[in-house]
Amino acid sequence: MFGQKDRTNQLAELDRELNAMILNGEALAAFEKFYADDVVMQENDAEPTVGKDANRIREQEFFDAVTDFRGAEVLSEAIGGNTTFSHWRYDYTHRDWGVRDYHQVAVRTWKDGKVIREVFYYG
């Protein structure tokens with residue numbers, strides 16, 4: 001049982017560091033540091049994007065389209081097994097989507113200190 005607690009604490013530390021980098025405007029650097037080469041990322045029930053290269057392009061396109069960033073915050077966090085959950089609030093203006101002020105849950109699956117799957121749930 002002690003080993004599981006240590007793994008949970010390590011995972012919590014990794015997830016908090018990742019979230020802190022995002023909050024500090026270093027989302028792309030966090031992506032490079034924490035995401036596996038074969039990462040699978042998905043928005044709600046859309047088709048997943050597979051691989052770090054494809055997801056890097058997707059992430060860069062998103063950030064390039066944000067015209068006004070007003071804030072983000074992590075409202076809560078949780079861990080279960082090798083999965084972390086972060087409840088976020090975002091407020092920004094996107095070139096194509098307009099004003100976005102919403103809540104999102106990021107569900108990350110980790111392996112060997114890297115995110116191998118991330119799904120974003122929002123309405």
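Leaving out neighbours within four places in sequence, aspartate 91 is in contact with Phe69, Arg70, Gly71, Arg100 and Asp101, where contact means heavy atoms within 4.5 Å. The structure is a predicted model, in which local features need pLDDT of at least 70 and side-chain atom pairs count only at pLDDT 80 or more, while totals for chains, interfaces and linings use all residues. Residues are numbered from 1 along each chain as its sequence is written, and side-chain values use heavy atoms, with hydrogens and water left out.

Aspartate 91 lies in strand S4, which covers residues 83-94; strands (E, at least two residues) are DSSP runs numbered from the N terminus. Because its relative accessibility is 13%, aspartate 91 counts as buried, a term for under 20% relative accessible area, with exposed meaning over 50% and partly exposed in between (1.4 Å probe, protein chains only).

Serine 86 is also found in strand S4, and its relative accessibility of 1% is why serine 86 counts as buried. Apart from residues up to four places away in sequence, serine 86 touches Asp15, Asn19, Ser76, Glu77, Gln104, Val105, Ala106 and Arg108. The side chains of serine 86 and aspartate 15 are joined by a polar contact of 3.3 Å, that is, a pair of N or O atoms within 3.5 Å of which, within protein, one must be able to donate a hydrogen and the other to accept it, residues adjacent in sequence counting only if both atoms are side-chain atoms.

Aspartate 68 has its place in strand S3 (residues 66-80) and, at 37% relative accessibility, counts as partly exposed. The side chain of aspartate 68 forms a polar contact of 2.8 Å with that of arginine 70.

Key. Helix = DSSP H or I, 4+ residues; strand = E, 2+ residues; numbered from the N terminus.
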